[in-house]
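User: I would like to learn how to read a few local features in a protein model. Please take them one at a time, with the general idea before the case.

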Amino acid sequence: MNRWRGGVGNSVALLVLILGAWVAPAGGADFDDDSHADLAVGVPFENVGALADAGALNVLYGTGSGLTATRDQLWVQDDLSADISEELDLFGDALAAGDFDGDGAIDLAVGVPWEDIGTAIDGGAVHVLYGLRGVGLTETGNQLWHQDSPGIGGAAETDDEFGTSLAVGDFDGDGYDDLAVGAMREDIGLANDAGAVNVIYGGSGGLASIDDQVWWEGENGLGGTPGVSEWFGYALVGGDFDGDGYDDLAVGIPREDVAGFMASGEVVILYGTSQGLSAADSQAWAQGRDGVPDAPEEQDFFG
């Protein structure tokens, strides 16, 4: 089974990329709502008992004098009612923080991209831990999402790796954060590992599947065509790029062929609206296109 997860290029840059994927953004990660940012750190290759690479999560809480280990939490899947620790799950491989239920205490999404879903080896999953004022992250109300969850588009299949990447944004501007989940090795038709992104929307009860969206190239009016091993959704980030009050989503496609150059890479932007993310006015950025400096080359992995 293909377990390659790195890239080609400078080893220092690769290290920064990997560490960045395992540390939750500190800017808004106030899990106990005490006005001090907290820090979640993924340990995806942590052994849990005899289970190699099951994965774990450490949480350090902020105080008036900085981070402290006094209330440090260590989470593994055995601590959560929705699942158990298993070998090679990689719990904590991706993290994203946001207020999915709008209660002021920030919540945490935890990617488990090598989680087996039934017979789908490495189908992938995402745990959600909810924050509580004065307490921090708690097991109460935790959720487990995967492509076989009711209402979630797609189906869990071997090597989809749902949860490889995560991003948070309020894509519909309703005051509740939403969650984008990359499944970079999702097969689209005959295009193996073309990749896809699910978007799960937040509300007063937290994340719910009712307005779930699934995106890939050529879907829902988005341009492009799914290609073999393009990895649509390998990297994700949310932000209000046009300042209209709705967060938007950037989707990395690092192995997209551009101008005939294999795996030169591309980034697609989906813009937020009152109805959520839309393909209207979407953009596709690549080197050498629309004023972006440099030129596409073989295996640049832009995005």
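User: Which residue does R185 meet in a salt bridge with an N to O distance of 3.6 Å?

Analyst: Side chains of opposite charge can pair when their charged atoms come close. The cut-off used here is a side-chain nitrogen of Lys or Arg within 4 Å of a carboxyl oxygen of Asp or Glu. The side chains of R185 and D193 meet in such a bridge, at 3.6 Å from N to O. This is a predicted model, in which local features need pLDDT of at least 70 and side-chain atom pairs count only at pLDDT 80 or more, while totals for chains, interfaces and linings use all residues. Residues are numbered from 1 along each chain as its sequence is written, and side-chain values use heavy atoms, with hydrogens and water left out.

User: Are R185 and D193 buried or exposed?

Analyst: Both R185 and D193 are buried. Buried means under 20% relative accessible area, exposed means over 50%, and partly exposed is in between (1.4 Å probe, protein chains only). R185 counts as buried because its relative accessibility is 8%.

User: Which salt bridge does R185 form with closest N and O atoms 3.9 Å apart?

Analyst: That one is with D159. The pair links distant parts of the chain, 26 residues apart: R185 is in the loop between β9 and β10 (196-201), and D159 is in the loop between β7 and β8. Helices (H or I, at least four residues) and strands (E, at least two) are DSSP runs, numbered from the N terminus. D159 counts as buried because its relative accessibility is 14%.

User: What is the N to O distance in the salt bridge of E161 and R185?

Analyst: The side chains of E161 and R185 meet at 3.1 Å. E161 lies in the loop between β7 and β8 and R185 in the loop between β9 and β10, so this pair ties together parts that are 24 residues apart in sequence. E161 is buried, and so is R185. Salt bridges that share partners join D159, E161, R185 and D193 into one network. By the rule given above, the count for the structure comes to 6 salt bridges.

User: What should I note about the backbone of E161?

Analyst: Phi of E161 is near 55 degrees, a positive value in a residue other than glycine. The loop that holds E161 runs between β7 (136-145) and β8 (162-169). E161 counts as buried because its relative accessible area is 2%.

User: Where is D290, and what is its phi?

Analyst: D290 is found in the segment after β15 (276-285). Phi of D290 is near 55 degrees, again a positive value in a residue other than glycine. With a relative accessible area of 63%, D290 is exposed.

User: How many aromatic pairs does the structure hold?

Analyst: A pair of aromatic rings is described by the distance of the centres and the angle of the planes. Rings of Phe, Tyr and Trp (its six-membered ring) pair if their centres lie within 6.5 Å; planes under 30 degrees apart count as stacked, over 60 as edge-to-face and the rest as tilted. The structure holds 2 aromatic pairs. F31 and Y61 form an edge-to-face pair, with 6.5 Å centre to centre and 80 degrees between the planes. F31 lies in the loop between α1 (11-22) and β1 (39-43) and Y61 in strand β2 (residues 56-63), so the pair ties together parts that are 30 residues apart in sequence. F31 is buried, and so is Y61. W231 and Y234 form a stacked pair, at 5.6 Å centre to centre and 15 degrees between the planes. W231 is buried, with a relative accessible area of 4%.

User: Which residues form the negative surface patch?

Analyst: Patches are made of residues with over 30% relative accessible area and no salt bridge; like charges are joined within 9 Å, and nonpolar side chains (Val, Leu, Ile, Met, Phe, Trp, Tyr) within 5 Å. Accessible areas come from the Shrake-Rupley method with a 1.4 Å probe, and for residues only the protein chains shown count as cover. Lys and Arg count as positive and Asp and Glu as negative, while His and the chain ends are not counted. The place of a charge is taken as NZ of Lys, CZ of Arg, CG of Asp or CD of Glu. Here the negative patch is formed by D257, D294, E297, E298 and D300. D257 lies in the loop between β13 (248-253) and β14 (266-273). D257 counts as partly exposed because its relative accessibility is 42%.
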